[in-house]
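Please open the model in your viewer and keep the selection panel at hand. The stops below follow one another, and each begins with something to select.

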Amino acid sequence: MSDTLQLGTYELTEAHFERVRDLLYRLCGIVLRPGKEGLVKARLSKRLRALGLPGFADYLALVEGDSGGEELSFLVDSMTTNKTSFFREGAHFVFVTECLLPCWERQGRVRLWSAACSSGEEPYTLAMVLREHARIPPRLDVRILATDISTRVLEQARRGQYSADKLQDVPAALRVRHFRPVDASEDGGPMMELDPEVRRMVGFARLNLMDAWPMKGPFDAIFCRNVMIYFDKQVQGKLINRFHDLLAPGGHLFIGHSESLTGIVHRFRYVQPAVYLR
Ligand SMILES: C[S@@+](CC[C@H](N)C(=O)[O-])C[C@H]1O[C@@H](n2cnc3c(N)ncnc32)[C@H](O)[C@@H]1O
């Protein structure tokens, strides 16, 4: 391979590419496979242009010196997907209502964590499901913590507004009860806003899963779905064991259906696909 890659107006050298890979892995646990030079180049060139930077070296210096994590968050956004949806992998929410909710109601309170919540559809689905099926308040005191590394998606999540076509997997009855139309989006499409009562059940915060976690737990369930695909087995193993420590005995871990704990030494018991018990 040549030692520089001439793609478009910015020059991405192999050394730049290695630094991007190193940064993503070291700071966020994300593995960028060799051969993704074109992707890095294409996705980041726009950002360099927007920031008025002359080249990748300047951009990397900016990310490395960015103590607030804003630019790192942008880099992660560029290299990963924030794809999510309401009621994604719906079997999990059936399991929550049928198998977990009766026990949570008996204990009178439930604490949940949506780790890597993206634009909020996952924690809001949990909130809607609990609101529908449990008599709250006073029967069930619910708090849902929702975190992500990306400040951009967290802003969207806090706004609680979604284009109407994002609501296609929300059952009709819940759509009617929990959403109301608001002013059209910038592209003119219809927008729906989630009921403030449901939104109040969820607290959003920025958190890089690789950093120290300020919360003490214990949680009754942790949802960490469709983010471990970016991590290697070593990083996954550490994360899974940290989740175990933060769950209450009898608490559940939910992972994405395309993810697996195979090859990881852990203390969970398998319950059903993508559901584990502490
Ligand atoms: C595909 S979305 C998953 C959203 C949701 N959990 C779901 O399953 O629909 C992956 C999310 O992981 C977040 N992410 C990636 N690396 C992260 C890290 N090190 N710490 C926290 N969040 C991270 C991304 O910002 C993105 O929003």
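For the classes used along the way, Ala, Val, Leu, Ile, Met, Phe, Trp, Tyr, Cys and Pro count as nonpolar, Asp, Glu, Lys and Arg as charged, and the others, Gly among them, as polar. Bear in mind throughout that this is a predicted model.

Select the ligand first, together with the shell of 26 residues that surround it, of which Thr84, Ala116, Ser118, Ile149 and Asn226 are the closest. Coloured by class, this shell shows 11 nonpolar, 10 polar and five charged residues.

Next, colour the protein by its domain assignment, which gives domain 1 (4-79) and domain 2 (91-277). Because both domains give residues to the shell around the ligand, the ligand lies between them.

With the two domains still coloured, note that their centres, taken over C-alpha atoms, are separated by 30 Å, and that the contact takes nine residues from domain 1 and 11 residues from domain 2. On the side of domain 1 that touches domain 2, select helix 1 (14-28) and helix 4 (70-79), each of which supplies at least two residues, with helix 4 giving the most, namely four residues. The residues on this side of domain 1 divide into five nonpolar, two polar and two charged.

Definitions and conventions
Residues are numbered from 1 along each chain as its sequence is written. This is a predicted model: local features need pLDDT of at least 70, side-chain atom pairs count only at pLDDT 80 or more; totals for chains, interfaces and linings use all residues. A residue is near a molecule or strand if its C-beta atom, placed from the backbone, lies within 6 Å of it. Domain bounds come from an automatic or database domain assignment. Two residues are in contact if their C-beta atoms, placed from the backbone, lie within 7 Å.
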